[in-house]
Amino acid sequence: MSEDDERQQPPSSDLEFSSNKARNCNTTGSGSGHPEFQSPYPDQVLENVLENVLHFLTSRPDRNAASLVCRSWYRVEALTRSELFIANCYAVSPGRATARFTRVRALHLKGKPRFADFNLMPPDWGAHFNPWVLAMAKAYPWLEKVYLKRMSVTDDDLTTLAESFSGFKELVLVCCDGFGTSGLAVFVSKCRQLRVLDLIESEVTDDETDWISCFPEGESHLESLIFDCVECPINFEALERLVARSPSLKKLRLNRYVSIGQLYRLMIRAPQLTHLGTGSFSPLEVAGQGDQEPEYVTAFASCRSLVCLSGFREIVPDYLPAIYPVCVNLTSLNFSYANINAEQLKPIISNCHKLQVLWVLDSICDEGLQAVAATCKELRELRVFPVDAREDSDGPVSEVGFQAISEGCRKLQSILYFCQRMTNAAVIAMSKNCPDLVVFRLCIMGRLRPDHVTGEPMDDGFGAIVMNCKKLTRLAVSGLLTDKAFDYIGKYGKLVRTLSVAFAGDSDMGLKYVLEGCPQLQKLEIRDSPFGDAALRSGLHHYYNMRFLWMSSCKLTRQGCQEIANAMPRLVVEVIKSADEEEMDDIVGTLYMYRSLEGPRMDAPRFVTILSANTV
């Protein structure tokens, strides 16, 4: 059973089951009609005590460790687990999971690997939710929450989900596909206790169905409604009525078909919001002559609890002053769709002294990042995305803004930074100024780009990150890197769990350094790098401890992958063929390996070959 401690949510300890004490009652031992209590065996007493204790154990790694103590602990831990996390839907079968964990109320399930987000995996590869929802319908009629990431979900799956669990409360779909507005309509109409419906970066087909109006009439239990990824118009009048009858609504993220005028009407009906996605943030409707615009500033000022702001999908910068009143309380601000410049950012960011999370486009330039560094001393997470992701574009952010952030935001724990040019000196400064970094992802978009001042490889910069940032668990490397950089990672990256590599390395030794030196490595993603069969073989000692290995456009051969399959029969070795690959080509375009208790999956499409010890 694959478990992960990232972004862990503590499971609920409220279980609708009788206690072990009830199981020790003999209801037929006397003629009085009252149950006669018999003295339990010592082992039963210990299990009673252990069950009560484990209810308070919420950490997944701690629970996994507890289950390995002995058979008794293994059994009791399974009985008390109400939240089940499976990081790879093919690592274990639904039948095995439901047989072991019989009291689950919440399921977290992940499917495709992350590189699927970059069109590096065919869309019909797999990760179907259907077998899971059918198994849960039989095993967990009391299920309340489902969180899915990169799964294929059909309209029928949503119908089954709604019809099988009478007390269902929360559905979160992240980067999922396969369903449409008609499936959503059925789902929301039948889940009368729904509290959370979050559709995040998912692909939703427009079936021309008015799903918003299908929420049951009467007071709603909704606490969170997120549909900013739904690329089709919605029935605004129905949405307005839904918001008005949802007094517990705290999170609302709108799609780009909601105008700023409509946003105003929603805000005055829901001043209790803490998280708001603004929709388009532009006047999509044509105003009539003499029409007076709403007091947008007043609407934002009335939302005194607002701490998280996002959206701005079709932004008109002239309306930005409307958000000034809430800036002082913001802890999270997402401008990743807002193509604004530094001058438009400065009046906003100058009041964001409590900000901890900031996502922006590189259109704010180094000047905008300097303004962030001057104000946001509590910043923990920064993501800077490119407006133009082409390799030959002139990136407006550089080592100047990067170093300013490191000097001004010393509490930084996570950074994702897209740029076209960088220096070792700036990265070294980041490693010294922000030693609490847990996540460091630097994406130099041009291939094999060196330190643009010295012309040297970026080895020393990334080496400083793994040496000085002792808490680092996630690392993404780019730019001109030699095997020296990977030697640094192997020597000092002892806590690194996720490593992403693109267009980097000299030889097989680079990957060997990592596989032999990073004992905590769980997820390894590599593309367009010169690593071949010898590098792959160097990880034989570690693959059973990893969640997955992805390698695409490297120097792997079918024979080299077959050797891994022969040596590790409990590892699933998938060779994924692209449309232009010849059938008998010995060069492997994409390799995806993962551990599994079940062996090869049965739903592999034709372009996937699963190698085993018997494969010819």
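1. Tryptophan 211 and phenylalanine 227 are both buried, meaning under 20% relative accessible area, where exposed is over 50% and partly exposed lies in between (1.4 Å probe, protein chains only). This is a predicted model, in which local features need pLDDT of at least 70 and side-chain atom pairs count only at pLDDT 80 or more, while totals for chains, interfaces and linings use all residues. Residues are numbered from 1 along each chain as its sequence is written, and side-chain values use heavy atoms, with hydrogens and water left out.

2. The whole structure holds 23 aromatic pairs. Rings of Phe, Tyr and Trp (its six-membered ring) pair if their centres lie within 6.5 Å; planes under 30 degrees apart are stacked, over 60 edge-to-face, and the rest tilted. The ring centres of tryptophan 211 and phenylalanine 227 are 5.7 Å apart and the planes stand at 85 degrees, so this pair is edge-to-face.

3. Phenylalanine 440 and phenylalanine 462 also make an edge-to-face pair, with 6.1 Å from centre to centre and 75 degrees between the planes. Phenylalanine 440 belongs to strand β18 (residues 439-444) and phenylalanine 462 to helix α16 (residues 459-468), so the pair ties together parts 22 residues apart in sequence. Helices (H or I, at least four residues) and strands (E, at least two) are DSSP runs, numbered from the N terminus. Both phenylalanine 440 and phenylalanine 462 are buried.

4. One aromatic cluster is formed by Tyr90, Phe115, Phe118, Trp125, Phe548, Trp550, Tyr592 and Tyr594.

5. Arginine 601 lies over the face of tyrosine 90, 4.7 Å from the ring centre. The charged end of arginine 601 also sits over the ring of tryptophan 125, at 4.4 Å from its centre. Such a contact requires NZ of Lys or CZ of Arg within 6 Å of the ring centre and within 35 degrees of the ring normal.
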